[in-house]
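Hi there,

Here is the structure I promised to send over. Have a look at it first, and then read on for what turned up.

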Amino acid sequence: MSTTLVKPPSTAPPSEGAAPKPRRRIAGSPGSWLVWTMVAFFFVMLAGVIFSVVVTSVSTQWFGTWLPEGFTTRWYGSAWREFGLSSVLGTTAQVAIIVVVVSVLIGLPASYVLARRTFPGKKLVMLLFLLPILIPPIAYGIPLATVLYKFQLGGTLTGVILANLVPSVPFVVLTMTPFIEQIDQKIESAARMCGASTVAVFFRILGPLLVPGILAASILVLVRTVGMFELTFLTAGPDSQTLVTVLYNAVLGAGIRAPQQVDAMAVVYTGSMLLLLVIALRFVNPTQLVTRLKDEATSS
Amino acid sequence: MTALAEKPPVTPTRPALRHRLAERGIDRTLLLLVPGLVFIVVLFLYPFLYGLGLSFTPDQGGGPFANYQKFFQDPYLRNTLWTTFELGLPAALINVAASVPMAFKLRRPFRGKRTLTTLLVVPITLGTVLTADGLLEFLAPSGWLNKTLLAWHIVDQPIELVHNYWGVLFSLIITGFPFAFLLTMSYLSGIDPTLESAASTLGAGWWERFRFITLPLLAPGLAITFCLSFVLAFSVFPSAILVGDPSGETRVISIAAYHAAREQFDYSMGSTIAVIMTVSMLIVIAAVLLWRGTLYKGATGGKG
Amino acid sequence: MTVRAQQFTELRLDGVSRSYGAQTALEGLDLTIKCGEFVALLGPSGCGKTTALNCLAGLLPLSGGSIWLDDKRIDGLPPEKRDFGMVFQNYALFPHMSVRRNIAFGLRMHNVPKAERNKRVDEAISLVQLGEHAAKFPGQLSGGQQQRVAIARAVALQPPVVLMDEPLSNLDATLRLEMRTEIRRLHQTLGLTTVYVTHDQEEALSLADRLVVLRSGSVQQIGTPEEVYAHPVNRYVAGFMGYRNMFELNVIESNQSLVVLGADGFKLTGVNCEDVGAGGGIAAIRPEDFVLGGTDANRLEVTVEIVEYHGRDQSVQGTLRSGEPIYFRTQGRVAPGDAVTLSVPQDRVLVFSPDSAPPPDPAAT
């Protein structure tokens, strides 16, 4: 009674009434048109914002018609000179890079401790590192700027760097701590059993494993710092303006300036940011630009 | 007969202090934490406490709470708090609420998903200032949006969307929604998908699955998403000036603080307003977190 | 528990297939399950057994074929309409609900009135003996307890069919044996039709009324445990069912019932299971079927290499003169280095064709 059968590889067509080939499609179910409408709406707004700026920046004159009367690139040259963009770009780069390096130097050891050790007061320390991210930059920026001015650091490049470090160090800590937690602690023990000293463990074992995390954290800090407005705004002087504060001032003074010039500057800003984004995405995926932040703090 | 040698009494020795400390987690490694702590204390705590102290020493005298009283008695100042809530709460709510159905629909991998998430991240990267500038032109009476609405006869006259509440709200949504969406997606992916399969074998349709399984497990994450979105929205500053009406409709509390500190040079008042801003925000967050504390927050099994 | 499982006569799978893109996970599964039967789907990972189960549950759509419950076609129905109970490999207990609420969930979804619901939940809880844990949450339970909750939740609805997806694989060895007996007891008490997926042949043999052996998406053999154990139909099934020795030899002569194989100075005569003719053949022999110093015609000279002590007997790995390894069990006592002679009766040597096994699956899922 044993029903046996080794079936020969079946090349027969599917039997009558077979279910259609399931190709998981998103479109098709009723609620999804709602979602796609929202997505479309959002992207229309986004495209509108970006292209309004771009088109204006290359227009000769544009007074309320669909498209400008003519096109030109001369605004870029004049914006470059007018706003001193070459030095502004230089300043921005300086600030951003120094902030990244210093915040990693400070934040990485701290996150190692937080990831590996439990000690009395740990929760307090974690809260302390969380605060600069939770509290609005204006709220701590104003007292911070006051203090910096008191110590004659207001308006200087150092002041701007210090101010921008305040949210960046916690950000590095928040990003790196879960990353380090994920690295099995037994790897370090195994290295010690093989005779490695602490320095060796750090540079030969832990270090290479940490590199992707450090890279990701650095890039995230870089992107955030360049785009961070309030802190630089409160602490910058005439020589220490970054791209974003120059842009702000330009837009604010748009009544006096030609809007095309302002927008040319805006396009330079946008271009720089998008370039940074593209570079960043080579190393992190888009979700990490945002969520790396909160995942672990919630489980504490 | 051998006499058993007397064993000398063993006095139990207390383990060295170093070991006792190490048991509790205190050892040399903690030194690595010092730079970070010093940094936070010097550059964050100290200025903040200094500002707090400043707020209690008003320029014009009148006791430590004079500035606070002034804030709440002067409608021009007091209303800024209300205005900020009027902007921040709806923006955060809209962002979080819209993120849920979207995260739901888009959680399975599909072609172009990475492109979509990349595009979504663009506004966050560009920041509030650029978004405000772009909106100034896009939403202007002669901008493309109004033109389209007129061309399709949806309105007879251009609608006022800039230099008022709406411009700022749009700005907050454009820069805030991607953040909320990506966070929500991340929380959603942390929920074990077999839970929904199990629920469906037990007879639950899509709504029941959402209501009894997914939503309760998502709620703690949504609470956090809301808190963070609210912080972002409540901190609104450049947008309120550029694409809003900073002396009227969109005079938010950050503007009041800035005005006091940097235009009136009343640092004490500026700090006061900053403190009020922080405390108000923290009250809302504390309330949400308290509510979150009542929810089940344990492991939900997914890969996160 | 007085479960009156919904009665039906048979559950029929007709040429059920499922593929994604170029990969075929399951091909042409034909199976008819009678009411009350315990059927085990057996095979290594990637063989399609879990796919088959998910298709039955409605969690995966079919690429071809159909599924019938008596004369009602059900493969178009979503899982919530099929009313099959399912026990998942990771239990899938709702972490935010207590044991009681987990078990009651299905009953709530079916709008069973409260009094009746409570009664059935209580019955289910006492059936799996979790009375004192009813108010606890899954996070507070051990693996075995969680598993029992998962089972209780699936049977509380008294479904016509219960599907189990490797429910014991996450448990440690002792617990696994205990729970296996539990599942057997439940099946005997409730008489629910069960489709059970596993990769453990011992489990399948001890629990099932019938086995379905799968490989790379296609059915190799369907039969009772005895049939599959004693008369595997090809080399693949034989290998899976514990015929650990598979000697590739040349055919010396063969007829319809017997084959004589040889190589390197020894000869084996065995049963011709697959119409083996000239060329090569595979002799499959269980380690238990060898007799140390026996008197059957099939004799092998073996040098003992590794001996594992198992209490009553020894599990031995030795080498033939040709250098090939050979595995046997004996209640005698041998030591590494011994030269021994083994014999095996010819009806316990199963000869299969060397190319009967289907090609290995391109990527195990």
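**Cavities and a sheet**

The second largest cavity holds about 80 Å³ of space; please keep in mind that this is a predicted model. Its lining is made up of C:F38, C:I151, C:V155, C:V162, C:M164, C:I183, C:L186, C:H187, C:L190, C:L192 and C:T194. Of the elements there, α6(C) gives the most, with 4 residues, while α5 (143-155), β7 (161-165) and α6 (173-190) of chain C each supply at least two. By class, this lining has 9 nonpolar, 2 polar and no charged residues.

In total there are 6 cavities of 30 Å³ or more. The largest cavity has a volume of about 900 Å³, and 38 residues line it. A:R224, A:M228, B:I124, B:T128 and B:L232 lie nearest its centre. Helices of chain A and chain B each supply at least two lining residues, among them α8 (198-227) of chain A and α9 (206-234) of chain B. The largest share, 6 residues, comes from α5(B). The lining of the largest cavity counts 26 nonpolar, 10 polar and 2 charged residues.

Chain C also has an open sheet for you to look at: 5 strands in the order β15-β19-β16-β17-β18, with antiparallel pairing. Its edge strands are β15 (291-292) and β18 (325-330), each pairing on one side only. Within the sheet, β16 (residues 298-309) and β17 (residues 314-320) of chain C pair over 7 bridges, and C:I306 stands opposite C:Q317 in β17(C).

Best wishes

Definitions and conventions:
Residues numbered from 1 in each chain as written. Chains lettered and ligands numbered in written order. Predicted model: local features only at pLDDT ≥ 70, side-chain atom pairs only at ≥ 80, totals over all residues. Heavy atoms only, no water. Pairing = 2+ DSSP bridges. 1 Å grid on protein atoms, 1.4 Å probe; cavity = no way out; pocket = protein on both sides within 12 Å on 5 of 7 lines; lining within 4 Å. Points joined across faces, edges and corners; volume = space filled by probe spheres on them. Nonpolar A, V, L, I, M, F, W, Y, C, P; charged D, E, K, R; others polar.
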